[in-house]
Amino acid sequence: MRLTSVIAAAAATVLAAGVLAGPVSAQDYPTRPITMVVPFSAGGPTDTVARLVAQEMSGALGQQVVIENVGGAGGTIGAARVAKADPDGYTLLLHHIGMATSATLYRKLPFDALTDFSPVGLVTDVPMTIVARKDFPADDLKGLVGHVKANADKINMAHAGVGAASHLCGMLFQEALGTPLNTVPYKGTGPAINDLVGGQVDILCDQTTNTTGQIKGGAIKAYAVTTPTRVASLPDLPTTAEAGLPEVEVAVWHGIYAPKGTPDAVVQKLSAALQKALQSDLVKTRFAELGTEPVAQNRATPDVHAAFLKEEIERWRPVIQRAGTFAD
């Protein structure tokens, strides 16, 4: 009986220690640097957003948030890495709209966007711009549409690779026109923009974070922004709805994820740090310069983020299926 009592007492002590360890560790979190995986190359629009947010989250958390670029396969390699990481809050993912579209673009994925992650919160909605080489023979969106329809076999539309934001926007554009175009895939946004500036390709649909400087500098011609309201950094650029193409409405949203199984207290702490970061003057100012702004505070939360992700998967599925373009 004594031995049984000793064993029972020891088991109770271990159990009590385990129960206490959860909230204590969550309360102390983080005790070391956090890695935020960006599933695209350094210097791109998603990387730019991530570095700004990581810098401000570092201050809020009291530990450095370090960016690690893990590119390839439309962002799915980096996402898969985070899905398989320890759910301890020390490995995060900052991904864009591709988190939703990959569910249809890739018929075989090493992760499930809805079940293998714990959403932390949304970050920003980056508008897209419809742009062309600076000597393209159309002065407004109506003229662009007419010229493209009349010369579809001669028009080249660039994008940054299957699954990239520019590819998705391009699919919407072609669907709205009912006119398939010659598409030219690049390995990243930078090369696509460079060739557009150089006149090697005709048109492109890409994020304001990547096109605003080129538009303002006169290196490319801009026709419309793909959001319901105009962008403060490009006030003279009409929306697609104003310019006669309301079907092309898309913003490249970004969100932060932790691996599924991350303690809720840790996820909530990360969400609070994200909300604080998005209210910082640095983030607001730099986002504005890039043609975007932080999401409203209630959207930088796990519940809203999770519901929005599900809605976006369902929104893009029929668009991608009708296009018949898959990444695998």
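The legends below describe an overview and close-up views of a predicted model.

Local features are given where pLDDT is at least 70 and side-chain atom pairs where pLDDT is 80 or more, while totals for chains, interfaces and linings use all residues. Residues are numbered from 1 along each chain as its sequence is written, and side-chain values use heavy atoms, with hydrogens and water left out.

**Figure 1. Overview of the protein chain, with 11 helices and 9 strands.** Helices (H or I, at least four residues) and strands (E, at least two) are DSSP runs, numbered from the N terminus. The C-alpha trace spans about 90 × 40 × 30 Å along its principal axes. The chain has 328 residues, and 52% of them count as buried. Buried means under 20% relative accessible area, exposed over 50%, and partly exposed in between (1.4 Å probe, protein chains only). Among contacts with a separation of 6 or more, 78% come from residues 24 or more positions apart; a contact means heavy atoms within 4.5 Å.

**Figure 2. Crossing of helix 4 (residues 98-105) and helix 11 (residues 302-323).** The two axes come within 8 Å and cross at roughly 45°. Axes are lines fitted to C-alpha atoms, for helices over the stretch in contact, and angles run from 0 to 180 degrees between N-to-C directions. The two helices are therefore oblique to each other; angles under 35 degrees count as roughly parallel, over 145 as roughly antiparallel, 65 to 115 as roughly perpendicular and the rest as oblique. The crossing is right-handed, a term used if the near helix is turned clockwise from the far one by less than a right angle, and left-handed if anticlockwise.

**Figure 3. Residues in the contact of helix 4 with helix 11.** Helix 4 contributes Met-99, Ala-100, Thr-101, Ala-103, Thr-104 and Leu-105. From helix 11 come Leu-309, Glu-312, Ile-313, Trp-316, Arg-317, Ile-320 and Gln-321. By class, the contact has 8 nonpolar, 3 polar and 2 charged residues. Ala, Val, Leu, Ile, Met, Phe, Trp, Tyr, Cys and Pro count as nonpolar, Asp, Glu, Lys and Arg as charged, and the others, Gly among them, as polar.

**Figure 4. The disulfide between Cys-169 and Cys-205.** A search of the whole structure finds 1 disulfide, defined as a pair of cysteine sulfur atoms within 2.5 Å. Here the S to S distance is 1.8 Å, and the link is right-handed, with 50° about the S-S bond. Cys-169 lies in helix 6 (residues 165-177) and Cys-205 in strand 7 (residues 203-207), so the pair ties together parts 36 residues apart in sequence. Cys-169 is buried at 0% relative accessible area, and Cys-205 is buried at 1%.
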